[in-house]
Amino acid sequence: HPPRAGGRDPATRVPDFDRLVLAPTVGVLGLGACFSSSQVAVTGITTALGRPGDAGLLYAVMGIGSAVTALAVVALPAAVSARTRWTVAGAGLTAVMLGAMTVRTGGGTALALLLAGVFMGPAIVTLFSVVGELAPTRAAGTAMTLLISANVVGVAIGAAVGGAVAEALRDAGRPPALTFAVSAVATTLLTAAALLHRRGAPPSA
């Protein structure tokens, strides 16, 4: 059948496409907020320890864990669904961020960030792969742009809220690691999005 004028070809139409892509977009928003708020927390910790220059080095530890597990995702059996990977990654990140609120040393912070990276890598890969499968060919670029934009917005929100919380903690004489509470809230959003996600039929090419 020829495409409808001004519309999408029925053969490539995905029922409730906007609803299906909404959950991954919210998940990426939460992930972006986790990125930036945890960076604010790390900066606060290293500054309190008198070694502000170590913040970048510590945050790089998260990148190491994330890169390794992101590559390892391809080795998972097909029986492990994207929704399962997404939920486990979100729950794992939330648990790590809650635990990170108790760290008081550089070593403890490094360990927390390494563990966070272990869950963050699979989360990133899974979210983008879910949208890649759901998006019809002609809308793939738009869908990926939506995720990237959600990440940017999430990073901005996490940095703003995390910065405000860190400043309030400093003024109150409280440990800067408590800023990880913002990261935990962000990853809770990531997990909730996974639980609410409903997979649709893959679009036709």
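User: Which hand does the crossing of α3 and α4 have?
Analyst: The model in question is predicted. In it, the axes of α3 (residues 82-100) and α4 (residues 106-134) come within 8 Å. The hand of the crossing of α3 and α4 is left-handed.

User: How are α3 and α4 oriented, roughly parallel or roughly antiparallel?
Analyst: Their axes cross at roughly 150 degrees. Angles over 145 degrees count as roughly antiparallel. The crossing angle therefore makes α3, relative to α4, roughly antiparallel.

User: How many charged residues does the contact of α3 with α4 have?
Analyst: On the α3 side the contact includes Arg85, Trp86, Leu93 and Met97, and on the α4 side Phe119, Met120, Thr126 and Leu127 are among the residues involved. By class, 16 residues of this contact are nonpolar and 3 are polar, and the number of charged residues is 1.

User: How are α3 and α6 oriented, roughly parallel or roughly antiparallel?
Analyst: The axes of α3 and α6 (residues 180-196) are 8 Å apart, and the packing angle is about 165 degrees. Relative to α6, that angle makes α3 roughly antiparallel.

User: Which hand does the crossing of α3 and α6 have, and how many polar residues are in the contact?
Analyst: α3 passes α6 in a left-handed crossing. The contact has 13 nonpolar residues and 1 charged residue, and the number of polar residues is 7.

User: Which hand does the crossing of α4 and α5 have?
Analyst: The axes of α4 and α5 lie 9 Å apart at an angle of about 155 degrees. The two helices are therefore roughly antiparallel. Their crossing is right-handed.

User: How many nonpolar residues are in the contact of α4 with α5?
Analyst: From α4 come Leu127, Phe128, Val131 and Gly132, and these meet Ala143, Met144, Leu147 and Ile148 of α5. The contact has no charged residues and 1 polar residue, and its nonpolar residues number 7.

User: Which helix supplies the largest share of the lining of the largest pocket?
Analyst: Residues lining the largest pocket include Val40, Thr47, Gly163, Glu167, Arg170 and Pro176. Both α1 (17-48) and α5 (140-172) supply at least two lining residues. The largest share is 5 residues, and it comes from α5.

User: What is the volume of the largest pocket?
Analyst: By class, the lining of this pocket has 5 nonpolar, 3 polar and 3 charged residues. The volume is about 210 Å³.

Key:
Residues numbered from 1 in each chain as written. Predicted model: local features only at pLDDT ≥ 70, side-chain atom pairs only at ≥ 80, totals over all residues. Heavy atoms only, no water. Axes fitted to C-alpha atoms, helices over the stretch in contact; angles between N-to-C directions. Helix = DSSP H or I, 4+ residues; strand = E, 2+ residues; numbered from the N terminus. Parallel < 35°, antiparallel > 145°, perpendicular 65-115°, else oblique. Left-handed = near helix turned anticlockwise from the far one by under 90°. Contact = heavy atoms within 4.5 Å. Nonpolar A, V, L, I, M, F, W, Y, C, P; charged D, E, K, R; others polar. 1 Å grid on protein atoms, 1.4 Å probe; cavity = no way out; pocket = protein on both sides within 12 Å on 5 of 7 lines; lining within 4 Å. Points joined across faces, edges and corners; volume = space filled by probe spheres on them.
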